[in-house]
Amino acid sequence: MACYLIFNDYEVLVSNTLSFHHSIINDYLTYVSKFLICLFTAFYFVLISSSLKEQKLTSFEYLLIILLSTLGLLLMCSSGDLLTAYLSIELSSLALYILAAFRKTSTYSIESGLKYFITGAVSSGFFLLGSSFIYLNSGSIYFDDFITLFERNKWALYPPNLLEEDMDPHFHLMILIYKYFNLEYIIWKPWPEGSPLVDYSFIEIGLAFIYFSLLIKIACAPFHLWSLDVYEGSPTSSSFFFAAITKLSIFVLLIRLAHTCFVTSSSNWHLYFIIIGVLSIFVGSFGGLKQRKVKTLLAYSSITNMGYALVALGTLTNTAIQMLFFHLIIYMISGLCTWSIILLLRLKTKKYDNKYSKELGDIALLRKSNPALAFAFSLTMFSIAGIPPLIGFLPKMFIFLSALMMGYYMVIVASAVLSVIATFYYIRIIKVVYFENLLVGKLYYPINTNITLLISGLIFSLLFLFFNPTLIQLLFFDILQTPSNVSFYCLTKI
């Protein structure tokens, strides 16, 4: 129903508006990201429906908590100020903490929930501290005010008879300056370095704390250590949600801050994003080489993919941002395929009834018991590794081309070499599925027909989108072309 309501909201496609006193942004980026989150969450509910009983997660609160987390993700995509962004992050995070610790009889699940809670509390503290620094030096927490203060390269003339109620109610800094200096005319012209009225050292410190907080949330190196234990100890359906659904909204918020509000005032941050991205690719590529636990291996794979996304984020071009979303969409499709297969493979052997985590030995010779599922799993692994003719190859190639256009040659070489190294553990999974040195494969319970059809459709999309990627590219073609609607009365009046 949420997907239908968002899809039916045609006005968002043709107009950019700000609502709730500029706290909610309604633009094309919000429209697309919210629709995708609702769509993939619907797929997620279908895929986990038959496995909740086997995981002993039959409490009705489990699904409601997932819905609350999804609501937080939707609010995060449409946040128009730092306070709304913080509250939406907290709404989503508090639900995720409960999902991680939902299996009350498992000490591993309780430990995962506590680790996630402590890490999330530290991250939230840094976000609030950074927001306070920015508010202290700009007088506002609204994204449209940041655009006006730091990114508008225009002259503005303010007549002395302009009443305060006629001015934008959130543009606090200019109102305070007008009252303090009691000038007949206030002339505003951004300098090449930005506004002379703002201490940019404090802005940089505030942005550092906020970016640090958000990078913890997406588990990039060197802020990734919590994710390994949380993914492994949480119920598989909860880890499924962490890995496949929650990352898109964080990147939407990062794009609003780094590519819309603070482009010129934080010019060095794109280099830091690229450095952290390459470091994440390095950690994810080498960290998974000796792993035998499947969920920890997928956690390292998530770190690697977030590294590619950060390289695209740091390239500072509209094409790179479009490729960032292209990469995230393919990552979510691949994540749905991979985690659903891991979740639905239930061994028939009684001694494994109480074992919820899986190792590579549990999927040994899957081709003998379920050849179709083994083939689907292999295609997904090849796609995540970036091997053509599967769609996972195109996002990496486009991200490398975007970095090439900006002259980041060493970044491309390092990322390509590390990508080849990361391919090893994906191929090792395929080797275990097809060529493990065992006489007899393991037997698994059958999978529901509806879920089989959905997984088949997702696997087919990995092949189809490689030959026709225009569908996703057109979806994000205008994602940053439409300017944000900063309803600043004085400028429009003049």
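Which residue lies over the face of Phe102? Lys104 does, at 5.4 Å from the ring centre. A charge counts as sitting over a ring if NZ of Lys or CZ of Arg is within 6 Å of the ring centre and within 35 degrees of the ring normal.

This is a predicted model, in which local features need pLDDT of at least 70 and side-chain atom pairs count only at pLDDT 80 or more, while totals for chains, interfaces and linings use all residues. Residues are numbered from 1 along each chain as its sequence is written, and side-chain values use heavy atoms, with hydrogens and water left out.

The protein chain has 22 helices and four strands; these are DSSP runs numbered from the N terminus (helices H or I, at least four residues; strands E, at least two). Of its 494 residues, 57% are buried. Buried means under 20% relative accessible area, exposed over 50%, and partly exposed in between (1.4 Å probe, protein chains only). Among contacts with a separation of 6 or more, 81% join residues 24 or more positions apart, where contact means heavy atoms within 4.5 Å.

The whole structure holds 31 aromatic pairs. Rings of Phe, Tyr and Trp (its six-membered ring) pair if their centres lie within 6.5 Å; planes under 30 degrees apart count as stacked, over 60 as edge-to-face and the rest as tilted. Two of the pairs are tabulated here.

| Pair | Centre distance | Plane angle | Class |
|---|---|---|---|
| Phe212 and Phe223 | 4.7 Å | 90° | edge-to-face |
| Phe282 and Phe286 | 4.8 Å | 50° | tilted |

Phe212 belongs to helix H9 (residues 200–217), and Phe223, eleven residues away, to the loop between H9 and helix H10 (225–233). Phe212 is partly exposed at 25% relative accessibility, whereas Phe223 is buried at 17%. Phe282 and Phe286 both lie in helix H13 (residues 269–287), four residues apart, or about one turn of the helix. Both are partly exposed, Phe282 at 42% and Phe286 at 39%. Elsewhere, ring pairs join Tyr97, Tyr116, Phe117, Trp226, Tyr231, Phe242 and Trp339 into a cluster.

Helix H18 (residues 393–405) and helix H19 (residues 409–435) have axes that come within 8 Å and cross at roughly 160°. Axes are lines fitted to C-alpha atoms, for helices over the stretch in contact, with angles from 0 to 180 degrees between N-to-C directions. H18 and H19 are therefore roughly antiparallel (under 35 degrees is roughly parallel, over 145 roughly antiparallel, 65 to 115 roughly perpendicular, the rest oblique). Lys396, Phe400, Ala403 and Leu404 of H18 make the contact with Tyr409, Ile412, Ser415, Ala416 and Ser419 of H19.
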